[in-house]
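Please examine the sequence and the three-dimensional structure shown below. The paragraphs that follow explain the surroundings of the ligand and then the pairing of charged side chains.

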Amino acid sequence: MEVVAADRTADDEYHLHELEIARTPGDPRRVMPPVPPGVRSVLDVGCGAGQTLIATDLGPDVLAVGVDVDQHALALGRRLTDDVLLAGAQGEALPFRDGAFDMVLCRVALPYMHVPTALAEMARVLRPGGELWLTLHPASMTLRELAERVRARDARAALYRAYVLANGVALHLAGRQFPFPGGHHRQESFQTEGGMTRLLRSAGFGSIERRASPFFVMTAVKGEGLGPRA
Ligand SMILES: C[S@@+](CC[C@H](N)C(=O)[O-])C[C@H]1O[C@@H](n2cnc3c(N)ncnc32)[C@H](O)[C@@H]1O
């Protein structure tokens, strides 16, 4: 269904733009989860308008579910597709039973969550042997954003990026993170491969890998040993 241009917010534009990229195989900005054959249920945590699942086009035999805290994005998604079930929920408190999904994905949304809590929830709703696919924010991105805000003399935005930087360091070193002071529980961090490996292991994942990709992509399998995958 078409979404009329005049009605679109900036967030709508973001989600629709990401959908367009996801639907364009040769686009260098495209990063999509490979869904293994045999997967019958997929959950996208922090799905926005469901763009990743919509573009993945899993077919009628696969249950595709997306959750997000942004009701406006979910409403946009419901206008775009009937094939993905979209629900309002926090990544840190998923409203699903244990082991409900064969695969969980989270594309550039974990950096805005409490990472240890969200990973524990993702492990809980995955069946044993189920696969997790994540895209993350590297430290270089936060450092670049901080430098840009400083150069622009935007003190408020620079302060926020400095908080994201400090939070990422705390997550890497201690597996802990903190909400932005006075930010109504808003939080954000960057991630590292080492820090994520430790957090994924504590959440009950194995076969943890950083994927060869221009983007920061990590995968893991619920309840498997830490050796490389076959
Ligand atoms: C950068 S967008 C990514 C959207 C989509 N996954 C994509 O790949 O284009 C981040 C999304 O995470 C959502 N989000 C932020 N914090 C969240 C939380 N605690 N639980 C669930 N979703 C969250 C935002 O509302 C937003 O839709």
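The shell around the ligand divides into eight nonpolar, seven polar and five charged residues. Here Ala, Val, Leu, Ile, Met, Phe, Trp, Tyr, Cys and Pro count as nonpolar, Asp, Glu, Lys and Arg as charged, and the others, Gly among them, as polar. The model is predicted: local features need pLDDT of at least 70 and side-chain atom pairs pLDDT 80 or more, whereas totals for chains, interfaces and linings use all residues. Residues are numbered from 1 along each chain as its sequence is written, and side-chain values use heavy atoms, with hydrogens and water left out.

In total, 20 residues surround the ligand, each with a heavy atom within 4 Å of it. The closest are Gly46, Gln51, Asp68, Gly91 and Arg107. Helix 1 (10-22) and helix 2 (51-56) each supply at least two residues of this shell; helix 1 gives the largest share, three residues. Helices are DSSP runs (H or I, at least four residues), and strands are such runs too (E, at least two), numbered from the N terminus.

Polar contacts are pairs of N or O atoms within 3.5 Å. The side chain of Asp68 places an N or O atom 2.6 Å from an oxygen atom of the ligand, and a polar side-chain atom of Glu92 lies 3.0 Å from a ligand nitrogen atom.

Side chains of opposite charge can pair when their charged atoms come close. A salt bridge requires a side-chain nitrogen of Lys or Arg within 4 Å of a carboxyl oxygen of Asp or Glu; the count comes to eleven. One of them joins Asp98 and Arg124 (2.8 Å, N to O).

How values were computed. A polar contact is a pair of N or O atoms within 3.5 Å; within protein, one must be able to donate a hydrogen and the other to accept it, and residues adjacent in sequence count only if both atoms are side-chain atoms.
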